[in-house]
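My notes follow in the order I looked things up.

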There are 4 protein chains.
Amino acid sequence: MTTVRVAVAGGSGYIGAELLRLLLSHSKVTVTGVTSERLAGERLDRAYPHLRSLTDLRFHELDAAWLADVADVVFLALPHMESQRAVPVLRQRHRKVIDLSADYRLRDASDYATWYGAAHIDPAGLAEAVYGLPELHRKAIAGAGLVAVPGCYPAGAILATAPLIRGGLARLDGIVIDSKSGLTGAGAQGRKADPMYLYTEANENVQAYGLASHRHTPEIEQELGALAGGSVRVSFTPHLVPLNRGLFTTASVPLATRMSTADLAGVYREFYAGEPFVRVLPEGARPTTRAVVGSNYCDVTVVADPRTERAVCVSAIDNLGKGGAANGVQNLNILFGWHERTGLEAPPVYP
Amino acid sequence: MTTVRVAVAGGSGYIGAELLRLLLSHSKVTVTGVTSERLAGERLDRAYPHLRSLTDLRFHELDAAWLADVADVVFLALPHMESQRAVPVLRQRHRKVIDLSADYRLRDASDYATWYGAAHIDPAGLAEAVYGLPELHRKAIAGAGLVAVPGCYPAGAILATAPLIRGGLARLDGIVIDSKSGLTGAGAQGRKADPMYLYTEANENVQAYGLASHRHTPEIEQELGALAGGSVRVSFTPHLVPLNRGLFTTASVPLATRMSTADLAGVYREFYAGEPFVRVLPEGARPTTRAVVGSNYCDVTVVADPRTERAVCVSAIDNLGKGGAANGVQNLNILFGWHERTGLEAPPVYP
Amino acid sequence: MTTVRVAVAGGSGYIGAELLRLLLSHSKVTVTGVTSERLAGERLDRAYPHLRSLTDLRFHELDAAWLADVADVVFLALPHMESQRAVPVLRQRHRKVIDLSADYRLRDASDYATWYGAAHIDPAGLAEAVYGLPELHRKAIAGAGLVAVPGCYPAGAILATAPLIRGGLARLDGIVIDSKSGLTGAGAQGRKADPMYLYTEANENVQAYGLASHRHTPEIEQELGALAGGSVRVSFTPHLVPLNRGLFTTASVPLATRMSTADLAGVYREFYAGEPFVRVLPEGARPTTRAVVGSNYCDVTVVADPRTERAVCVSAIDNLGKGGAANGVQNLNILFGWHERTGLEAPPVYP
Amino acid sequence: MTTVRVAVAGGSGYIGAELLRLLLSHSKVTVTGVTSERLAGERLDRAYPHLRSLTDLRFHELDAAWLADVADVVFLALPHMESQRAVPVLRQRHRKVIDLSADYRLRDASDYATWYGAAHIDPAGLAEAVYGLPELHRKAIAGAGLVAVPGCYPAGAILATAPLIRGGLARLDGIVIDSKSGLTGAGAQGRKADPMYLYTEANENVQAYGLASHRHTPEIEQELGALAGGSVRVSFTPHLVPLNRGLFTTASVPLATRMSTADLAGVYREFYAGEPFVRVLPEGARPTTRAVVGSNYCDVTVVADPRTERAVCVSAIDNLGKGGAANGVQNLNILFGWHERTGLEAPPVYP
C-alpha cells in the first residue's frame with residue numbers, strides 16, 4: 001500500500017511533537033520531513049527522547065520549497081506570521097496544507113490586522129482557507145486545499161456552545177467564557193523557557209492572562225456569529241492551571257427561552273449525532289480533562305440554571321488533541337476521504 | 001503575659017489543621033483543646049506529623065460543654081448541621097465562637113432550608129451571628145459573640161467584586177463568577193477519602209462541579225445584595241484544579257456605566273484603602289494564587305472590557321487562608337482588639 | 001480476520017484500566033469480558049469515562065468458569081491470593097492465562113509463604129508458570145500456558161542491572177536498589193481510597209515505604225540470582241513520588257572488575273541488542289520517566305563510578321507499561337507468535 | 001529594641017527569596033539591603049509579588065563595600081566563585097558572613113579545585129570558615145565570623161547517617177546515598193529558565209542527574225569522614241522529582257555489627273537529644289517531605305535490614321529550609337546567641 005507523504009513544519013514545539021506522535025503511527029501516511037530553525041540538523045530523537053527507535057529523521061531548516069519537494073501534505077505548526085510566508089509557496093506547488101497557526105483562521109483580514117497588529121500578506125490564501133472544525137465545516141474541509149485548524153480555546157469554546165447558538169436558543173449578549181488550560185497550551189511553540197513557565201512558578205499556581213484581550217476572542221466570535229447569523233460578542237478569559245495537557249471550558253450563556261437541562265441535553269445530542277469525537281455526556285456526568293487526555297475527544301455537557309435564565313455549557317478537550325494536533329489529523333483524514341478515526345484509534349490515556 | 005485560651009472543634013480536617021498551624025504560633029493565645037470524633041484520644045502529632053515537637057495535645061471527643069470548660073474562644077471547623085448543635089451550648093456559657101461551617105452564614109433561615117435541605121435549629125444564633133468578612137463588617141465583628149466565617153468561594157468572589165457592586169457601578173443581572181479551587185477546599189472536612197479526591201484522579205485533571213447548584217451561591221448573593229441594596233443573582237461555577245492550596249476567582253460583571261481600567265482600579269484602591277490583607281495590584285500585574293499561599297492575603301485586580309461593557313474582576317486567595325482559617329484568625333484579632341496581623345505576620349510561602 | 005477472545009479479570013484497578021486501553025485497540029484481539037466484584041453489572045464506560053463510545057461492555061462478577069467460557073486468553077489483574085483461586089479453573093479449561101498478580105512470580109513456594117504470609121494453594125500452577133519478562137525468558141514464554149507478569153519494581157530493577165549480573169561483572173554483595181514510583185503503582189488494584197493516596201497528601205510529597213520489607217524484594221533476588229548463578233541479596237527501598245505514571249530505578253552495583261562507562265555501555269548494548277522495547281541510551285543521555293509514559297519502553301543507562309568501584313544503573317519505565325499492562329500485552333503477542341509490537345505501536349505520550 | 005542589620009546578596013534566586021521570607025518576619029533583625037545583578041533598581045515586590053505590602057526595598061547591585069556599609073551580617077546566596085570575591089571585603093570590614101554558596105564548604109582547597117575546576121582565591125577565608133551544620137558544629141559556629149551553610153543534599157545526607165557513622169557502627173565502604181529533590185533545589189540560583197526546568201518537562205517526570213559526579217559528594221564525604229575519623233567514600237545519586245520544595249534522602253549503610261531497628265533508633269535518639277530541629281520519628285512512622293515544608297525541621301528514621309546487614313537511614317527536609325535558608329537563619333541565631341528557634345517558630349505548612 002502506498003502511503004501519503006506528510007511533513008511537519010515547526011516540529012520543535014509541543015503541537016509539532018504531538019503531530020509527530022500521531023503521524024508516526026498513522027497507517028496511511030509516512031512522515032518524510034520535519035523542520036525546526038533551532039534544531040536543524042539534529043536527529044529528532046535527540047530533542048524527543050520518547051521517539052527514540054521510532055524514527056531516524058533529522059530536523060531540516062524551514063524551507064517551503066523543500067517541504068513541497070518531500071511531502072504531499074504539509075502541517076504547519078509555526079508561529080503566526082510565519083505560516084503566511086510558507087503557504088503561498090506550498091499552494092502554488094499544489095500541496096495540501098493543514099495550518100495550526102492563527103494565520104488563516106480569521107476570514108476578515110481587518111480582524112487579523114486588529115488583533116495581530118500587522119497586515120496579512122496572503123489574502124488569496126485567506127480567501128481559500130477553510131476553518132478546520134469538522135463538526136461545523138466537514139463538507140468544506142473535504143474539498144479544501146488549505147485548512148486553518150482552530151486555536152485550542154476556540155475549539156473548546158465553540159464545541160461547548162454551538163448547539164445553543166445555532167438553534168437560536170441563546171441571547172447573544174452576555175455570553176461569558178472562562179477557560180482553563182494546561183501548560184502545553186501556553187508557549188506551545190518552541191518550548192519557550194519563559195520564567196513564567198518554569199515548573200517552580202507554574203506548579204501549585206493558577207493565573208489568568210490576556211484579560212479582555214486574548215487573540216482567540218475574535219475567532220470564537222467569528223464562528224459563533226456565523227452560527228447565529230449575526231454579531232456575537234463574548235467576554236473571554238483564559239487561565240493557566242498546573243497540568244501538562246487539558247483544556248476545560250465553562251461557558252455561561254443567557255437563554256432566549258426557558259429550557260430544562262433535559263431539553264438542552266436533547267438539543268446537544270441531536271446536534272452532535274454521529275460525530276465520532278464529540279461525546280455528549282449523560283445527565284449528571286461531568287466532563288473532566290482526565291477522560292480525554294491524549295485523544296481527539298471533546299466531552300460536553302450542558303445544565304440549565306433557571307435562577308439566572310442561563311445555561312452552563314462545559315467542554316473538556318486535550319489542548320494538543322481536539323485543541324490542536326489530533327484535530328489536525330482528523331482534518332487530514334477528511335481531506336483524503338479516510339475513516340475519520342484513522343490514526344486516532346487509541347483510547348485516551350487514563351490516568 | 002496571660003493569653004487567651006482557644007479551642008478548635010473539628011480538628012481533623014484541613015481547615016482545622018490550618019487553624020492549629022496558625023494558633024500554635026499566635027503570640028496572644030494558648031491552644032487548650034482540639035476535638036475530633038474520629039481521632040479522639042490520639043495525639044495531635046500522630047495525625048499531623050508536621051506538628052511533632054510543637055504540641056503534646058490529644059484529640060478530645062466533640063463535647064460542647066467540655067469546650068466551654070477549657071476555652072474562652074472556640075473555633076468550630078465542623079460540618080454544617082453540627083455547628084448549630086454546639087453553638088447554643090457555647091453561647092450560653094458566654095464563650096465567643098468563630099464558626100467556619102456554613103451554619104450561620106445565611107441570615108434568612110428559609111435560605112438555609114432551601115439550600116441545605118433542613119430547617120435551622122438555632123434561630124437565636126442566626127440572629128446574633130455576624131458575617132466574618134472584616135472588609136465589609138469590621139465594626140460588627142468587633143462586638144460580636146458569634147462570627148460566621150465566609151466560605152472559601154464567597155470570600156474570593158465577594159472581595160473580587162464588592163467595590164463595583166457597592167458603588168452602583170455594576171448592572172446586577174448577568175454577573176458570572178467562575179472559581180478554581182485547590183483540593184484542600186473540596187472535602188476539607190475530615191480529609192475524606194472519596195475516590196474523586198485520589199491523587200491519581202485529581203492530578204492532571206480539571207473538572208467543574210455543583211453546576212448551577214453550589215451552596216455557596218446564596219452566600220455570595222446575600223452579601224453582594226446587601227452591598228447593592230437590592231436582589232442580586234449570580235451564575236456561579238466552581239472547579240477543582242490540581243493544587244493543594246489556592247482559590248482563583250474570575251468574575252465577569254456588566255458595567256452600569258462606561259469606565260476605563262484606570263477608573264476601575266481607582267475605585268478598588270479607594271474601597272480597600274487601609275485594609276491589611278487586601279492588595280490591589282498595579283495595572284498590568286496579574287494575581288496568582290502562588291503569591292498568597294499560606295497567608296491571609298487576597299490579591300485583586302480589575303480590567304475593563306469595553307467591547308462587552310463588562311469588567312473582569314479577579315482575586316487570588318489561599319482557600320485555607322483568607323478562604324478559611326487565616327481569615328478566622330483575623331476575626332479573632334478583631335474580637336479581642338489586637339493588631340489584625342497578630343499571628344498572621346508570616347509572608348506567603350513562595351514558591 | 002478472526003480475532004482471539006481476551007478477558008480481563010479485575011478490571012477496576014489501574015492495571016485493569018490500562019489493559020483495557022491497550023486491548024481495545026489491539027488489532028488481533030477482541031475484548032469479550034471484564035470482571036469486577038465491586039462494579040459488577042455496571043457499564044465499563046461509567047467507571048471509565050475515557051472509554052465512552054469505545055465499548056458497550058459491562059463488568060461481570062468474578063467467575064473463572066464464565067471467563068473460560070467467553071475468552072481464549074484471560075488476563076488476571078487481581079489481588080494476590082485471588083489469582084491462585086482462578087488459575088486452576090482456567091488452566092483446566094486450557095485457557096491461556098497472563099497473571100499480573102504476585103501469585104505465580106516466585107518459583108519457590110516457601111518464598112511465597114515467607115513474604116506473603118500464607119501457603120500457596122496451587123503448586124501445580126507454580127510449577128508451570130513462566131516469569132513474563134521477555135528480555136530474559138522469551139523462549140519459555142512462547143510455549144507457556146501461564147505467564148506471571150513481573151511486578152513493576154522488579155521489572156525496572158532487573159532490566160537496569162541484568163547485563164552486569166549475567167556477565168559476572170558485579171559483586172553480588174552490596175547491591176542497593178532505590179525506586180521511585182508514581183501513584184498508580186501503589187494501590188493500583190481497585191483504586192483504593194486510602195487517605196495516604198489522597199491528592200492533598202501525595203501531592204508535593206515524597207515518601208519511602210516498605211523499608212527493608214517490600215514484597216518485590218524476593219522477586220528481584222530470584223531473577224538476579226538465576227542470572228548470576230548464585231544467591232543474590234539486594235537492599236531495596238521503594239518510594240512514592242508525585243506523578244501518576246512512571247517508575248525510575250537507581251541501582252548501585254559493586255563492580256567485580258574495573259570498567260569504564262564505555263565498557264559498561266557496550267555490555268548493555270550487546271545484552272539488549274534486538275530487543276524491541278529496551279532502549280540503551282547514548283552516553284550522556286539520561287533516562288527520564290517522561291520519555292516512556294504510556295508505552296512499553298524501558299530506557300536504561302549505566303555509568304561507572306571509579307571512586308567507589310561501583311556502577312550506577314538506571315532505568316525508566318511506565319509502571320503501568322513495562323511495569324504491568326503493556327508488558328502483559330507483549331507476553332500475549334509472544335504467546336501467539338504475533339509481532340511483539342502489535343497493539344503497542346503508539347509512541348510514548350509526551351509531554 | 002535595636003535590631004541587627006542584615007543584608008542578602010543574591011536575592012533573585014529561590015534561596016534568596018526564602019531568606020527574605022524568613023528574615024522579614026524575624027523579630028531580632030531588620031533587612032537593610034538586597035542585591036541582584038539582574039534586578040538592580042527594581043522593587044523587591046515586583047519580582048516577588050508575594051512580598052507586596054511587606055517591604056519597600058529595592059534590589060541593589062552586587063557591591064561588597066556597600067553591603068558592609070548597610071549591614072552587620074551578610075547572607076550570601078550567590079553562585080559559587082562569586083562568594084569568594086565578596087567574602088574578603090566583608091571580613092576585612094568585620095562583618096559576619098553566612099555563605100550559602102559552595103565556596104567555603106570544603107576545607108581542603110585542593111578538593112575545591114578538583115570538584116569545581118578552579119583554584120580557590122581566598123585561602124584565608126577557607127581557613128576561617130565553619131561548616132554551618134549546628135547539629136555537628138554548634139560551638140564552632142557560635143564564635144565564627146564566616147559560616148559555610150551546607151548544600152541541600154549534604155544537609156539531608158549527613159543528618160540521615162551521622163549517628164551511625166560517628167558511633168563506629170557503620171562499615172565505611174559501600175555507603176550508597178540516593179536523594180530526591182524538588183525543583184527549587186536545582187537551579188535555585190537566579191531562577192534560571194533552562195528548558196529542563198519548564199513545567200511541561202519537569203511535571204510528571206523523574207530523572208537522575210550528576211551520575212557519579214555531583215559536586216555535593218565531597219562535602220558529604222568530608223563531614224562523614226570527620227565523624228568517622230577516617231576516609232569515607234559514598235556512592236551518591238541525586239534526582240529531580242516533581243515538587244517545588246522537599247528533599248528526601250535514602251541512605252543504605254552497611255552495619256559493622258548486628259543491630260536491631262530498636263537499637264538503631266536508640267542511637268539516633270541519643271545523638272539528636274535536645275536538637276530543636278531534628279525529629280527522630282517513632283518506630284513505624286515514615287518521614288515525608290510533606291511534614292517539613294516551609295520549616296527548618298529534619299525528620300529522620302532508621303530501620304535495620306538484617307537480610308543484607310545494612311541500615312536504611314532516611315531523612316526529609318525542605319531543601320530551602322534545613323537544606324538552605326532556614327538553616328542559615330539557625331546559624332544566625334547561634335552567631336548572636338539568640339534562641340535557636342527565633343524567626344523559625346512557624347510550624348511546617350501542611351498540606
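I started at D:G337, which takes a positive phi of about 70 degrees just after α12(D). Helices here are DSSP runs of H or I with at least four residues, strands are E runs of at least two, and both are numbered from the N terminus.

Before going on, I noted that this is a predicted model, where local features need pLDDT of at least 70 and side-chain atom pairs count only at pLDDT 80 or more, while totals for chains, interfaces and linings use all residues. Residues are numbered from 1 along each chain as its sequence is written, and chains are lettered from A and ligands numbered from 1 in the order in which they are written.

Is helix α12 of chain D buried or exposed? Eleven of the eleven residues in 325–335 are buried, so the helix is largely enclosed by the rest of the structure. Buried means 20 or more other C-beta atoms within 10 Å of the residue's own, with C-beta atoms placed from the backbone; exposed means 12 or fewer, and partly exposed is in between. I listed the buried residues of α12(D), among them D:A325, D:V329, D:L332 and D:L335. The cover over them includes α1 (14–23), β3 (73–76), β4 (96–99), α7 (134–142), β6 (146–148) and α8 (152–166) of chain D.

**Confidence**

I checked the scores next. The model has ipTM 0.96 and pTM 0.97. Chain A averages a pLDDT of 96, with 98% of the residues at 70 or above; pLDDT is the predictor's confidence in each residue, from 0 to 100.

**Two domains in chain A**

I see chain A split into domain 1 (4–150 + 323–335) and domain 2 (153–317), with bounds from an automatic or database domain assignment. Their C-alpha centres lie 24 Å apart. Domain 1 of chain A puts 23 residues into the contact and domain 2 of chain A also puts in 23, where contact means C-beta atoms, placed from the backbone, within 7 Å. On the domain 1 side, α1 (14–23), α5 (109–116), α7 (134–142) and α12 (325–335) of chain A each supply at least two residues. I sorted that side into twelve nonpolar, six polar and five charged residues. Nonpolar covers Ala, Val, Leu, Ile, Met, Phe, Trp, Tyr, Cys and Pro; charged covers Asp, Glu, Lys and Arg; the others, Gly among them, are polar.

**Chain D against chain C**

How many residues of chain D are in contact with chain C? I got 40 from chain D, touching 40 of chain C. The chain D side has 16 nonpolar, 14 polar and ten charged residues.

I then superposed chain D on chain C: a rotation of 180 degrees with 0.0 Å of shift along its axis does it, at RMSD 0.0 Å. That is the relation of a two-fold axis. The same surface serves both copies, as 100% of the contact residues of chain D recur in chain C.

**Sheets**

In chain C I traced an open, parallel sheet of seven strands, ordered β3-β2-β1-β4-β5-β7-β6. Its edge strands are β3 (59–60) and β6 (130–131), each pairing on one side only; pairing takes at least two DSSP bridges between strands. β6(C) runs parallel to β7 (146–148) over two bridges, and C:Y131 stands opposite C:A148.

Definitions and conventions:
Contact = placed C-beta atoms within 7 Å. Least-squares fit on C-alpha atoms with pLDDT ≥ 70 in both.
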